[in-house]
Structures are given as C-alpha cells and as structure tokens.
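Hi,

Here is the model I promised to send over.

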Amino acid sequence: METARHAATEARKAQITQATIALLAGRGYAATTFEAICEHAGLSSKRLISYHFSSKDELLAAVVRKVVDDAAAFMRPALDAADGARDLLQAYIRSNVAFIAAHPDHVRAVQQIAANSAPLGGQERDAAIARLVAFFDDGRRTGTFRSFDSTIMATTLRAAVDAVADRLVDGLDPELCADELVETFDRATRASDDA
C-alpha cells in the first residue's frame, strides 16, 4: 500500500513538474501560475500543487532538478562510451549540445527561471562545475591536457555551452555547433605535442 501511494505521489509530482516546464517554455515565467499549471496538467485544484510543493520556489527547484537529471540520463551513454580524456571532452560537448537541441522546452524553462526568480539550481551548477574540474584535473595529471587552471576551464566550457543554448533552441545546426565547440576546447586543452 505504501509503495503504491509513493508511486502515485511521484507520478503526480512529475505531472506537475512537466506541466510547469511546458508553461515556462511556452508562456513565460509571469504566466506560469498555479492556476495555469492546474489547467495545463488537468488538475482539479491548486491544492494538489501546494500539497506536493510548499512554494513556487520549491516547484521551480524541482524543475531545475528534473532538467539536470534528464540531461544526465541523456548524456550518460555517450560519456560511458568515451575512451580517454580527449574523447570524454568531445562526448561531453556533443551530448550536451544534442540534449539542448532535442529538449528546447527544458532549456527555455531553465532560462525563464534564471531570468525571473531568486537563484535556483546553484548546487546543481556547482556540482556540474566540480565534475568538470575533476575531469580536467585528471586529464592534466595524465598528461593528456596541457597545464591550465581547471576551474577556469570548467567554468568557460559550461559558459560556452550555455551561451549557444538560445541559438540551438532557435534552430542552429547542433552538429555544426558541437564541431566548433569540440575544436575550440580540444585546442584549448590538449598537450602541445598532440596533433
């Protein structure tokens, strides 16, 4: 009984979160009210939202977590298949760009949150940067990458991907974008004796 109740609760939270993503992407932050979410999700009352999320900020944090989780699941196969630091860097960039191109509503939703509310997703962003720092540190330690400040490189890579998100959502060729970013960061990181 408890397992069924938990599953129903998680399904309802997912339904609300997905409706919020769609509204943020389609109508914008100001129009994403609990009333609009109820209508979009087919819920009978705003109380169904406030039962699962104590505030709009909590709901928006759930949206950010959902986008991060979906991106991680999308990118994981490419990252797992990569062999070596340079291949992993390429896989990270290509799979991240492909996720953005394939999930424009996710991107627009997070952009709306970032532009209109208190900072959310700081922990997720910090964790993403920390993973990139560790990756760059490892590549430097093995000699695959040249010597550089891993935090600056990680922040720059994340910023570059974020900077092209709007253009990808608006139809920029994802392969062209990924090719350019891969070339840029491969040149920026590789050891000087690598071709």
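Below is what turned up, going from the whole chain down to single residues.

A word on ground rules: this is a predicted model, so local features need pLDDT of at least 70 and side-chain atom pairs count only at pLDDT 80 or more, while totals for chains, interfaces and linings use all residues. Residues are numbered from 1 along each chain as its sequence is written, and side-chain values use heavy atoms, with hydrogens and water left out.

**The whole chain**

You'll find nine helices and zero strands (DSSP runs, H or I of at least four residues for helices and E of at least two for strands, numbered from the N terminus). The C-alpha atoms fill a box of roughly 65 × 40 × 25 Å along the principal axes. Of the 195 residues, 40% count as buried, meaning under 20% relative accessible area with a 1.4 Å probe and protein chains only. Take the contacts (heavy atoms within 4.5 Å) with a separation of 6 or more: 68% of them are between residues 24 or more positions apart.

As for the surface, the accessible area is about 10600 Å², and carbon and sulfur atoms own 52% of that (Shrake-Rupley, 1.4 Å probe).

No disulfides came up in a search of the whole structure; the test was a pair of cysteine sulfur atoms within 2.5 Å.

**Helix H1**

H1 covers residues 2-27, and its 26 residues should span 38 Å at 1.5 Å a residue; the end C-alpha atoms are 37 Å apart, which agrees. The expected span here is 1.5 Å times one less than the number of residues. Its buried residues are Ile-16, Thr-17, Ala-19, Thr-20, Ile-21, Leu-23, Leu-24 and Ala-25. When you look at that spacing, keep in mind that an α-helix has 3.6 residues a turn, so residues three or four places apart point the same way. The cover over the buried residues of H1 includes helices H2 (34-41), H3 (47-52), H4 (56-81) and H6 (104-116).

**His-106**

This one sits in helix H6. Is His-106 buried or exposed? His-106 counts as buried, because its relative accessibility is 7%. Setting aside neighbours within four places in sequence, His-106 is in contact with Ile-21, Val-67, Asp-70 and Phe-99. Ile-21 is also among the buried residues of H1.

Cheers

Definitions and conventions: Buried means under 20% relative accessible area, exposed over 50%, partly exposed in between (1.4 Å probe, protein chains only).
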